[in-house]
Amino acid sequence: MRKELLVNIIVPVYNSADYILRCINSCLNQIYPYIKIIIVDDGSTDNSWNLINKYKNNPNIKLIHQENNGVSSARNKGIMECNDDSYIVFVDSDDYISNTYIQELVDGVSLRNFDFCCFSFIENNNLSFDDIIYFFMKKKICCFGPAYKIYKANICKQIMFNEQLLVGEDILFNVEYILKCKNIHLIHAIKAKYYYSTNYSSLTHSSNLLHMLSKLKSLLSSYICLLYTLGENHRSTNAFFEYFARFYLNTYGLFSRKDLIKFQMYSEIKKYTTRKYIKTYCPNDKKTIFLKRLYLFGRFILYLKRRCMKNHLFSV
């Protein structure tokens, strides 16, 4: 008789009072019965913690409260609460899932005791790990984040989310996790659903321009970490650099001229193309190509700035 798998649903929470009850109830309504819901409140300043406390007597729910340290810290706290022989699914507090979500992931991962199972846009289970990482970066296998995926707790504990990164930490986590796996199963036929919501005060969203600038710094740090993990010539590293460049350019367009000066965007661009920064963060054997990429990218940003100024595309 097959041993039933325990699935931990980790829900990091920050200022999600308008969404959290819907999220928790969707987790409780799963048709798969062997679940444990771990809710980690990351120092919410709204009514989230009071709402969560309504479930304190539920035997399937564990409540944790901590000081505000970010979504990675909250997820890591949840990971450490899991038994090594269990599985983990992540659900953000402003999102919710269909009632068959956990069951379909369990069905996929339990076929051959897979280390990792993920919904995929590609119908092919003969891909190499190198292919999987590359297509993951290209968003051809689901999405960057932890949604639509199920993980083994013991492997998660070997990696953990990088708490120093504001953005890109989920990409890095998934790449490092895949590299630890012995076998992976991709589910092409997606019936269960993960429903996203946009909550700009939550752990993963912010419209603050200074916060956006911090995200840009964090993305570059993620890219550097990826260089260490995969190597400079790995096609997935190149794919992530393209993503980083698009994010940088799109965010750059959100700033007016006054904003750029106020938040020192110009100086940040210059900072990330200096030799001192590269000597600090890049190992010797990766220095040349990394320097070229940052130099050319920085030059392109400055060219874009001059062109925008010339055509009065920025407000004064």
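Select Asn 15 to begin: this residue is buried, with a relative accessible area of 12% (buried means under 20% relative accessible area, exposed over 50%, and partly exposed in between, using a 1.4 Å probe and protein chains only). Asn 15 is placed in the loop between β1 (7-13) and α1 (20-28); helices (H or I, at least four residues) and strands (E, at least two) are DSSP runs, numbered from the N terminus. Although Asn 15 is not a glycine, its phi is positive, about 50°. Most residues other than glycine have a negative phi.

The model is predicted; local features need pLDDT of at least 70, side-chain atom pairs count only at pLDDT 80 or more, and totals for chains, interfaces and linings use all residues. Residues are numbered from 1 along each chain as its sequence is written, and side-chain values use heavy atoms, with hydrogens and water left out.

Next, select Asn 113, in the loop between α4 (101-109) and β6 (116-119). Asn 113 is likewise not a glycine and has a positive phi, about 55°. Its relative accessibility is 48%, so Asn 113 counts as partly exposed.

Turn now to Val 11. Not counting residues up to four places away in sequence, Val 11 touches Ile 20, Cys 23, Ile 37, Ile 38, Ile 39, Val 40, Val 91, Asp 92 and Ser 93 (contact means heavy atoms within 4.5 Å). Val 11 is also among the residues with the most contacts inside the largest nonpolar core, together with Val 7, Tyr 101, Ile 102 and Ile 150; this core has 77 residues. A nonpolar core is a set of buried Ala, Val, Leu, Ile, Met, Phe, Trp, Tyr and Cys residues joined through side-chain atoms within 4.5 Å.

For the aromatic residues, a search of the whole structure finds 17 aromatic pairs. Display Tyr 32 and Tyr 34, an edge-to-face pair at 5.7 Å centre to centre with 70° between the planes. Rings of Phe, Tyr and Trp (its six-membered ring) pair if their centres lie within 6.5 Å; planes under 30 degrees apart count as stacked, over 60 as edge-to-face and the rest as tilted. Tyr 32 is buried at 2% relative accessibility, whereas Tyr 34 is partly exposed at 41%.

Then select Phe 90, Phe 116, Tyr 151, Phe 161, Phe 173 and Tyr 177, which form one aromatic cluster.

Finally, colour the model by pLDDT, the predictor's confidence in each residue, from 0 to 100. The protein averages 77, and 62% of the residues score at least 70. Over residues 311-316 the pLDDT is below 50. Where pLDDT is low, the predicted coordinates should not be read in detail.
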